[in-house]
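Open the model in your viewer and keep the selection panel at hand.

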Amino acid sequence: MTSETLAGRTKGVEVDVCIIGAGPTGLTTALLACKLGLSVCIVDRAEGRLQVGRADALNARTQQLLDNIGILPELLALGVKCNTSSTFKDGDFTSRQSKWWTSLTNSRFKEFLMISQPEVEQALTNGLNIPVYYNTEVESIEESPSEVLTTCHDLTIRSKYVIGADGSHSATRKLAGIEFSGTKPNMRWAVLDTFLKTDFPVCCEIISFEKDGQSRVSWIPRERGLARFYVLLDGDITQENAERSIREHMAPYNVEFVGTEWFSHFDVQERVAKTFISRENHRTLLAGDAAHVHSVNGGQGLNTGISDAFALAWRLNMATKNENSAFLASYDEERRTVAQGVVDTAGKLVRSTMRTAEEYVSIIEKHAGNITGMGITYPITTPFVVPGCYGEFTAGTRCPDFPFTRSDGSVEFLYQLFEYGKFVVLSGSAIQLTIPTSISQYVLEWKVSHAETGFEGFKVDLPGDGKALSTTFGLGRGGEIAVVIRPDLYVGYVGLDPTSYFRGIALS
């Protein structure tokens, strides 16, 4: 993928989707949309790709999603795995916890992957073959019932949809006139990425340091031996004051800062956009920090943005190819509900830093579903989630990542076999499935039946694969159950009549 600036580029661009913002959310949306056959243009007001700083971790859910599209292996080779939170007080460790990670089921990922945002953006960029127009600021966005005209200096983009993934100060959101309401607690944090020389017992754990009954310093282990610190300060927010506070919290151990790559500071804000989709023509949508902002506590920002992208791109594909923006309404409803939950969780965590480290970690445990990403659920209020459950499948929750075994003994997992952008129906042998013609191109059926000789458990036949696989889950004693896995790897339906589910979507 190449980068483009103003020099020598064409005046007008015509695409299916214009994405404003080339951070992780925008790049993931672009990558997914391109995989689905949509034409995409990306613009960003920055001078070039991010080089240092910002987000620092991929949670378990994000790792599942990036593994599904083949991006994760590159990042696993670079990052550091961490699933333990510890507390440190009065010169010694006082507790260690990891059960909210180790207790995760039906997932190959039971830890954070600590890695810098620039590395994540680079991996996403490597998967694209379209340019990013950097140094390009949006001046106006004009919607009509059928298209959007985005005007930048010396560049116009005509598209069917615009995605605002341009951060908390989003020009897209402002131009669309979308309210960004919330609160701003009086808390200011310093953050630095640094290399240390220390006699502290360094370990690959997220450490909360307690001093005088408060937990104002956290240490995040990072790739390349880097250390990320978050420091809550009073008064002047300077690197010198941040380093002084870190030394005080790590006493009696000696600490020398031998090389700091990045220092920044931020005021905590907690805001959620009033809507994630423009009301009149439904052609401008928000994702990532443009739609929701909160404190960094819990490492949810980048992860929520990437999940926004996975929730959005398949709907964009259906809306574009079917010329029906109604498919997008559920994105707004589902993801705003999730965003509010993330903001609430981050708010509780950031306020708990004024308490003891043990109290802080107990709040992490209580809200582990948000922090790991594996407990995020969708409300049963749209056609894409219909109530039902069977075994380990429950509508509105993440799809379990079951193993599938081939006849030669090799193992692949559901998320590796799944094709993003398609609904997959796991059909028991008694299920008769009929898909409305208008959406049939988006649906695949995997037949599940009792195993034959040579298989253990249940047999699964994948279309086009030519070979049967075996797995551990079944779909009713008589094969009467069907499970619909949505394109974003959430369970949409569990029951006896999957045809009714697809009729409901086709009519939405």
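## Enclosed spaces

Start with the cavities: there are three of 30 Å³ or more. The model is predicted, so treat each stop as a feature of that prediction.

Go to the largest cavity. Its volume is about 120 Å³. Select Asn 303, Thr 304, Ser 307, Gly 373 and Ile 376; of the 14 lining residues, these are the closest to the cavity centre. Now colour three helices: α2 (60–68), α8 (301–322) and α9 (329–352). Each of these helices gives at least two residues to the lining of the largest cavity. What is the make-up of that lining by class? The lining of the largest cavity has eight polar, four nonpolar and two charged residues.

Move on to the second largest cavity, with a volume of about 50 Å³. Select its lining:

- Arg 61, Leu 65 and Ser 307
- Phe 310, Ala 311 and Arg 335
- Tyr 378, Asp 488 and Tyr 490

Keep Ser 307 highlighted. Ser 307 is among the residues closest to the centre of the largest cavity, and Ser 307 also lines the second largest cavity. By class, the lining of the second largest cavity has five nonpolar, three charged and one polar.

## An open pocket

Next, select Lys 35, Leu 36, Glu 419, Tyr 420 and Gly 421. They lie nearest the centre of the second largest pocket, which is lined by 13 residues. This pocket holds about 190 Å³ of space. Its lining has five nonpolar, four polar and four charged residues.

## Helix α7

Select residues 239–250, the twelve residues of helix α7.

Now pick out the buried residues of α7: Ala 242, Glu 243, Ser 245, Ile 246, His 249 and Met 250. Turn the view to look down the axis of α7. The buried residues fall within an arc of 160°, so they line one face of the helix. What covers them? Show the strands β6 (85–89), β14 (188–198), β15 (206–211), β16 (214–221), β17 (227–232) and β18 (255–267), which are included in the cover.

## Two loop residues

Centre on Gly 21, in the loop between β2 (12–20) and α1 (24–35). Is Gly 21 buried or exposed? Its relative accessible area is 4%, under the 20% cut-off, so Gly 21 is buried. Show its contacts beyond four places in sequence: Gly 26, Ile 42, Val 43, Asp 44, Ala 165 and Asp 166. For scale, draw a line from Gly 21 to Ser 107. These two residues are 86 residues apart in sequence and 31 Å apart in space, C-alpha to C-alpha.

Finish at Thr 382, in the loop between α11 (368–372) and β22 (389–390). Thr 382 is also buried, because its relative accessible area is 7%, again under 20%. Which residues does Thr 382 touch, not counting those up to four places away in sequence? Select Ser 330, Glu 333 and Glu 334 to see them.

Terms used: Residues are numbered from 1 along each chain as its sequence is written. This is a predicted model: local features need pLDDT of at least 70, side-chain atom pairs count only at pLDDT 80 or more; totals for chains, interfaces and linings use all residues. Side-chain values use heavy atoms; hydrogens and water are left out. On a 1 Å grid over the protein atoms alone, a cavity is a set of points where a 1.4 Å probe fits but cannot get out, and a pocket is an open set with protein on both sides within 12 Å along at least five of seven lines; lining residues have an atom within 4 Å of a point. Grid points are joined across faces, edges and corners, and a volume is the space filled by probe spheres set on the points. Helices (H or I, at least four residues) and strands (E, at least two) are DSSP runs, numbered from the N terminus. Ala, Val, Leu, Ile, Met, Phe, Trp, Tyr, Cys and Pro count as nonpolar, Asp, Glu, Lys and Arg as charged, and the others, Gly among them, as polar. Buried means under 20% relative accessible area, exposed over 50%, partly exposed in between (1.4 Å probe, protein chains only). Contact means heavy atoms within 4.5 Å. The expected span of a helix is 1.5 Å times one less than its number of residues. The arc is that of the directions from the helix axis to the C-beta atoms.
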